[in-house]
Amino acid sequence: MLNYASASTIFLGLIVGIFVGQVEASIYIYAISAGLFLYISLGELVPELKEMVREVHADGMKHAILAFILQNIGMLTGATILYLVTKYN
């Protein structure tokens, strides 16, 4: 029941997206999207990433450093994609 309730908000987002798409407010949409990306990455992912590095550290320092580097590459890739979408769209 809760899954259906959360999924039905897609239609509300569709309607809002159609109306906002007709208005010259795309810069605000990009700003909100970037803000949500930062909120999710900094508020939710970073604690999980830190915990993963702690768990991998038990296997050795090299594994922990590799995990840390891969995590940062992933986050920088996501930020770069968002920048490129806003710059060239």
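**Figure 1. Helices 3 and 4 at the largest pocket.** Helix 3 (26–57) and helix 4 (61–88) each contribute at least two residues to the lining of the largest pocket. Helices are DSSP runs of H or I with at least four residues, strands are runs of E with at least two, and both are numbered from the N terminus. The largest share of the lining comes from helix 4, with 6 residues. This is a predicted model, in which local features need pLDDT of at least 70, side-chain atom pairs count only at pLDDT 80 or more, and totals for chains, interfaces and linings use all residues. Residues are numbered from 1 along each chain as its sequence is written, and side-chain values use heavy atoms, with hydrogens and water left out.

**Figure 2. Lining of the largest pocket.** The lining consists of Ala34, Phe37, Leu38, Ser41, Met75, Leu76, Ala79, Leu82, Tyr83 and Thr86. A pocket is an open set of points on a 1 Å grid over the protein atoms alone, where a 1.4 Å probe fits, with protein on both sides within 12 Å along at least five of seven lines; lining residues have an atom within 4 Å of a point. The volume of the largest pocket is about 160 Å³, taken as the space filled by probe spheres set on the points, with grid points joined across faces, edges and corners.

Figure 3. Ser41 belongs to helix 3. This serine counts as buried because its relative accessibility is 5%; buried means under 20% relative accessible area, exposed over 50%, and partly exposed in between (1.4 Å probe, protein chains only). Phe11 is 30 residues from Ser41 along the chain, and their C-alpha atoms are 26 Å apart.

Figure 4. Ala79 is part of helix 4. With 36% relative accessibility, Ala79 counts as partly exposed.

Figure 5. The chain has 4 helices and 0 strands, in the order α-α-α-α from the N terminus. Its C-alpha trace spans about 55 × 40 × 15 Å along the principal axes. Of the 89 residues, 8% count as buried.
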